[in-house]
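Here's a quick briefing to read with the structure open beside you. Have a look at the fold, then go through the notes by topic.

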Amino acid sequence: MEPVELNFAVTCEDYMNGAAARLKMQAEGNYRLVNKLVGAALFVIGVVLFVLHYATGRPFQWLAGVCTVLGAFLLFVSYPFQEAVVRRMAAVQFQKGLCGVAAQQVVFREDCVEFHGERYEAKIPYEMFFSAYADETSVLLCTAPDESRLIPKRTMSPEEQERVEHLLAARLNRKFKQEGAR
């Protein structure tokens with residue numbers, strides 16, 4: 001297979017999309033499910049307490065209000081709020097020059113991924129990646145739990161995206177996760 005060679009500079013929008021992708025990668029599965037279940041349970045408890053307040057005359061209105069509002073927050077607002085904060089913080093960091101590489105080249109080969117930048121050169125075999133994640137805007141290659149390399153999908157043609165995602169899926173197996181893939 002012919003290597004996929006990408007040349008790009010990370011923009012502010014790319015960096016914000018990468019930060020949102022890291023949040024999605026870290027907050028997937030059980031975290032989001034538990035968040036929704038707790039939110040739904042609190043909302044239902046709040047509604048039941050309101051019904052009990054009006055049916056029995058007991059003073060449950062404050063507790064019911066708190067449970068309902070907190071449940072609605074967890075159900076509908078919590079994750080979008082987290083994503084907005086993460087994107088905003090990424091934009092601030094990018095504008096202050098605290099992150100990003102001026103320009104880089106990433107080459108996906110059969111046996112490794114090569115990174116070439118102004119201050120960073122690496123040839124990393126697929127087995128050494130901690131994990132990888134792809135969503136609609138970004139590909140993240142994680143070399144450690146707290147370190148990742150961002151590759152914006154805008155730099156790839158649809159054919160290159162398919163080849164890269166197929167290569168990552170074949171080489172990393174369960175370590176590679178795609179947003180929207182089952």
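What do the buried residues of α1 pack against? They pack against α3 (61-95), β5, β6 and β7. Keep in mind that this is a predicted model. The notes below start with that helix, move on to the sheet and the cores, and end with the hairpins and the cysteines.

**Helix α1**

- α1 has 15 residues, and its span from first C-alpha to last is 21 Å, close to the 21 Å expected at 1.5 Å a residue.
- Most of α1 is covered, with 11 of its 15 residues buried.
- The buried set includes Asp-14, Asn-17 and Lys-24, along with Tyr-15, Met-16, Leu-23 and Met-25.
- Gly-18, Ala-19, Ala-20 and Ala-21 are buried in α1 too.

- β5 (residues 131-134) and β6 (residues 138-144) run antiparallel and are joined by 4 bridges.

- Ser-131 sits in strand β5, and it is buried, at a relative accessible area of 13%.
- Is that 13% enough to call Ser-131 buried or exposed? Buried means under 20% relative accessible area, so Ser-131 counts as buried.
- Leaving out residues up to four places away in sequence, Ser-131 touches Met-25, Leu-140, Leu-141, Cys-142 and Lys-175.
- Asn-173 is in the loop between α4 and β8, and its phi is positive, about 50°, although it is not a glycine.
- Asn-173 counts as exposed, with 54% relative accessibility.

**Nonpolar cores**

- The largest nonpolar core has 35 residues, and Phe-108, Leu-141, Ile-151 and Leu-168 have the most contacts inside it.
- α1 gives this core its largest share, 5 residues.
- Which residues does Leu-168 contact, leaving aside its neighbours within four places in sequence? They are Phe-108, Tyr-126, Val-139, Leu-141, Asn-173 and Phe-176.
- Another core lies apart from the largest one; it has 5 residues, among them Leu-42, Leu-49, Ala-64 and Leu-74.

- Strand β3 (residues 112-117) is largely enclosed by the rest of the structure, because 5 of its 6 residues are buried.
- On one hand, β3 pairs with β2 (residues 104-108): the two run antiparallel and are joined by 5 bridges.
- β2 and β3 make a hairpin, with 3 residues between them.
- β3 also pairs with β4 (residues 121-125), again antiparallel, over 5 bridges.
- β3 and β4 form a hairpin as well, with 3 residues between the strands.
- Glu-114 is a handy landmark: Glu-114 is the bridge partner of Val-107 in β3, and Glu-114 stands opposite Lys-123 in β4.

**Cysteines**

- How many disulfides does the structure hold? The count is 0.
- Cys-67 is buried, and its relative accessible area is 10%.
- Cys-112 is in no disulfide, and the nearest cysteine sulfur, that of Cys-142, is 18 Å away.
- Cys-112 is buried too, with a relative accessible area of 3%.

Terms used:
Residues are numbered from 1 along each chain as its sequence is written. This is a predicted model: local features need pLDDT of at least 70, side-chain atom pairs count only at pLDDT 80 or more; totals for chains, interfaces and linings use all residues. Side-chain values use heavy atoms; hydrogens and water are left out. Two strands pair if DSSP finds at least two bridges between them. Buried means under 20% relative accessible area, exposed over 50%, partly exposed in between (1.4 Å probe, protein chains only). Contact means heavy atoms within 4.5 Å. The expected span of a helix is 1.5 Å times one less than its number of residues. A nonpolar core is a set of buried Ala, Val, Leu, Ile, Met, Phe, Trp, Tyr and Cys residues joined through side-chain atoms within 4.5 Å. A disulfide is a pair of cysteine sulfur atoms within 2.5 Å.
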